[in-house]
Amino acid sequence: MEKLRYRRGKIISAIGIALNFILAALKIAFGAVFGLISVVADGMNNLSDCGSGAVSLISFRIAAKPADKEHPYGHGRAEYIASIIIGCFVLMLAVELMRESISKIVSGDLSECFWGIYVLLGVSVAVKAGMFVLYRTGARKLSSDALKAASLDSLCDCVATLAVIIGLVVSNETDFAAEGYAGVAVALFVLWEGVQIVRDAGSKLIGQAPDPALLDSIRAVILNGEGVLGVHDLRVYRYGADRFFAIAHVEMDASLPSLASHEVIDGLERKVLSELGVEFTAHLDPVDLSDAEAKVLEERVRAATEGITEGLNLHDFRLVRGVKKKLVFEAGIPFSCPEKDEEIRNDLERAVRLLGEYEPVVTVERE
């Protein structure tokens, strides 16, 4: 699977490198001959795309390498690094384009332009639109962040080249040196593009939240397991395009034999892997269904704490009997919750103490 993905990614990247090199050579040559800074800038943009394509090509090769001693989770995150490198190339280019364009505006020079330039730029827009479709399709089929970055790059190139065309038309039809302003527009588009690429890839490299649809699918598989009472603390980690790992706490009746519960857990781990492609590890949380006092107390706590904060998820209730009864439970809250963890913990402890002589032991966690 990884070899097939690498082969397809290599073909797409190679096509992109070849097309970008041809466009860059033609634009830089014509722009230099006729003194058209915006055309040269557009050509330099295409030339940087060749470097981006090379980085993408290398990233596919690295990502396809199997797991080893130094990298037990594989090399899939190499694509995120490749995307960041591509974004940095784009940002450096944007700065240089901006400098050259402002210089052109300050000088106020008007450049002559002939019909062949318009034909070249028109063909460039068409080619870049085709590359956008090629990269976008490849990104979706191969789940590639590097190709996704390249598709965004191609789309912005279309807009940038159109800006160059408009600038040249205005410059040749009027006495206004619009070409320099067109270069500034190109630089701004390229800058925006670079920021988007770096931000998206950086977020995934740091550890971006998983797709909610994937979380729902994993929960659905777990909750359909025989004897499963609930699931919480579900965590999903991503190491590349198709490498997912997940852990979760699965609640089951404490009275069941341990071997039977273990068999159910093993079955869930295999099913999540086979159906969703996620390497899943489950932690068994036994629930004492025979403890009537604990169940009634859990219902009272849920009722008493309702409305403390939006998205509150109480779980792992245990009633520990001793000199003083301790009510132990965990409280999951969303990352969007504005209240501090300590504030929520204090509110929950106060609510428990109002129910009677119970000592609350509350763990608050973001989920």
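**Entry 1. Salt bridges**

I looked up the salt bridges and found 14 in the structure; a salt bridge is a side-chain nitrogen of Lys or Arg within 4 Å of a carboxyl oxygen of Asp or Glu. I note that this is a predicted model, in which local features need pLDDT of at least 70 and side-chain atom pairs count only at pLDDT 80 or more, while totals for chains, interfaces and linings use all residues. Residues are numbered from 1 along each chain as its sequence is written, and side-chain values use heavy atoms, with hydrogens and water left out.

I then examined individual pairs. Glu342 forms a salt bridge with Arg345, and their closest N and O atoms are 2.5 Å apart. Both residues lie in helix 10 (residues 341-353), 3 residues apart, which is about one turn of the helix. Helices (H or I, at least four residues) and strands (E, at least two) are DSSP runs, numbered from the N terminus. I recorded Glu342 as partly exposed because its relative accessibility is 45%; buried means under 20% relative accessible area, exposed over 50%, and partly exposed in between (1.4 Å probe, protein chains only).

Helix 10 also holds Asp347 and Arg350, again 3 residues apart, about one turn of the helix. The closest N and O atoms of this salt bridge are 2.3 Å apart. Asp347 has 30% relative accessibility and so counts as partly exposed. Arg350, with a relative accessible area of 49%, is therefore partly exposed. I also noted that salt bridges with shared partners join Asp291, Glu293, Arg321 and Lys325 into one network.

Arg270 pairs with Glu263 in a salt bridge whose closest N and O atoms are 3.7 Å apart. Glu263 counts as partly exposed because its relative accessibility is 48%.

I next asked which side chain of opposite charge is nearest to Glu330. For charge, Lys and Arg count as positive and Asp and Glu as negative; His and the chain ends are not counted. Glu330 is placed in strand 5 (residues 325-333). Leaving aside neighbours within four places in sequence, Glu330 is in contact with Asp233, Asn313, Leu314, His315, Asp316, Thr363 and Glu365; contact means heavy atoms within 4.5 Å.

I followed that list to Glu365, which is found in strand 6 (residues 358-366). Glu365 is also buried and without a salt bridge; the nearest side chain of opposite charge is Arg235, 4.2 Å away. Beyond its neighbours within four places in sequence, the contacts of Glu365 include Asp233, Arg235, His315 and Glu330.

Asp233, in strand 1 (residues 228-238), has phi near 55°, a positive value in a residue other than glycine. Its relative accessible area is 9%, so Asp233 is buried. Asp316 lies in strand 4 (residues 313-320), and its phi is near 60°, likewise positive in a residue other than glycine. Asp316 is buried because its relative accessible area is 16%.

**Entry 2. Cysteines**

How many disulfides does a search of the whole structure find? I found 0, where a disulfide is a pair of cysteine sulfur atoms within 2.5 Å.

**Entry 3. The chain as a whole**

The protein chain has 10 helices and 6 strands. Its radius of gyration is 29 Å, whereas a compact globule of 367 residues would have one near 21 Å; the radius is taken over C-alpha atoms, and the globule rule is 2.2 Å times the number of residues to the power 0.38. Along the principal axes, the C-alpha atoms fill a box of roughly 95 × 45 × 30 Å.

I recorded that buried residues make up 44% of the 367 residues. Of the contacts with a separation of 6 or more, 68% come from residues 24 or more positions apart. The accessible surface of the protein chain comes to about 18,800 Å², and 62% of this belongs to carbon and sulfur atoms. Accessible areas come from the Shrake-Rupley method with a 1.4 Å probe; for residues, only the protein chains shown count as cover.
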